[in-house]
Amino acid sequence: MVNPDLLFVAQANDWFGQLVHRSTDGGTTWEQVGNTLNYDGETGTHQWYDGTPHPWEFRRIWHIEPSIHDENVIYAGVEDAAMFKSSDCGASWQELPALRNHSTGNSWQPGAGGLCLHTILQDPRDENRLYIAISAAGAFRTDDGGETWLPINKGLRSDYIPDPDAEVGHCVHNLALHPSNPDRLFMQKHWDVMRSDNAGDEWVEVSGDLPSDFGFPIVVHAHEPETIYVIPILSDAYHYPPEGKLRVYRSRSGGHDWEALTAGLPQENCYVNILRDAMSIDTLPECGIYFGTTGGQVYASTDSGDTWTTIVRDLPKVLSVEVQTLT
Amino acid sequence: MIRVIVPSQLGVLSDAPREVELDVSAPITANRVVDALESAYPDLKGMLRDPLTRTRRPMIRYFVAEEDVSHLDPDSELPATLADGKEPFWIVAAISGG
């Protein structure tokens, strides 16, 4: 983040549509900014759940990502899946239409939450390289600032689609990278935890001995590029932790080998979910980890996940947890 | 002067008061009233109508003299009682919360 005092909130509802608010003073005051996100040109159709063509319709912003290279550049991933860019700090938005117009676009199909572009990663070395993920189309990379997009789903296997090795159609839930090694990507897929060592060109499964490889968020430790965290969820039909035990799993080897982190987390009768944007890290020396639940708790660890405390409870469903290190 | 009653929820999301008085030139239509409202309170742009198509959002309705005028052509002239300020143009958001 270029300017730590620059914050964005996007809220949308069926009454008044999409709103975007911006704070330039670290959240003390907020102002409404551009909320018009129009698709560029003819919109065409994608596939509906039953395989029939369905017109592309803007529903809401799923994820806002300020550029790490330019304070005035903000990215937004939306439903129905498309990528928008603001070059004036949120005052106005323009679509990067090559993604939606990708040759596979008319075959994209929504996941349970809709056809949403929910994840945007940036390469700290190159402002023109971005990674995005769409449920349930898959992951894509651009190396030219959004002029062209490449599906990067080779090695993903989804047994719930007719062609398990298809170029697109995979329900990617979340992506993560460490800035010191941005060619190494980690993915939590609908099922399977995956790793790519070549910027998404190929993926290998690293689920190892997880009690379930279904889940939503995945994050990387602030100072250990091979240390990653997931929170297993029982299945796509049962959105709660296996055995009702809320366990964060940590791998210090970039996957395959996992350890359960349970100290301070409920180990019986816990039936919450953890959504894809509801887990974050800080950059303090011991690396704090934070996540929120659909039951309204926010848990924090100040020691890389070894122990946890409840720092907030009784909130509504937690959709997003963002952390800023202020020291 | 046209009197417009704004949904109370929008008092949180914009600086529009509950009742607004607007100059709207004839013919008085729903679209012209909302145009004038958005011009006076730009934060409301896109909240009542889709910004691209300008169609009324499905959970927003318009009333004049207790009559639902939501489904009239939004460019058709509204009752004269609106133009002389006797009746307000009510913008109503669908009831939420169960």
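Which strands of chain B do the buried residues of helix 2 pack against? The views below show a predicted model, in which local features need pLDDT of at least 70, side-chain atom pairs count only at pLDDT 80 or more, and totals for chains, interfaces and linings use all residues. Residues are numbered from 1 along each chain as its sequence is written, chains are lettered from A in the order written, and side-chain values use heavy atoms, without hydrogens and water.

**View 1. Helix 2 of chain B.** The buried residues pack against strand 1 (2-5), strand 2 (19-22), strand 3 (60-64) and strand 5 (89-93). Contact means heavy atoms within 4.5 Å. Helix 2 spans residues 30-40, and its buried residues include B:Val33, B:Leu37 and B:Glu38. Buried is under 20% relative accessible area, exposed over 50%, partly exposed in between (1.4 Å probe, protein chains only). Helices (H or I, at least four residues) and strands (E, at least two) are DSSP runs, numbered from the N terminus.

**View 2. Salt bridge B:Arg49–B:Glu38.** The side chains meet at 3.1 Å, N to O. B:Arg49 sits in the loop between helix 2 and strand 3, eleven residues from B:Glu38 in helix 2. Both residues are buried. A salt bridge puts a side-chain nitrogen of Lys or Arg within 4 Å of a carboxyl oxygen of Asp or Glu.

**View 3. Salt bridge A:Arg129–A:Asp143.** The N to O distance is 2.7 Å. A:Arg129 lies in strand 11 (residues 126-135) and A:Asp143 in the loop between strand 12 (138-142) and strand 13 (150-151), so the pair ties together parts 14 residues apart in sequence. A:Arg129 is buried at 16%; A:Asp143 is partly exposed at 38%.
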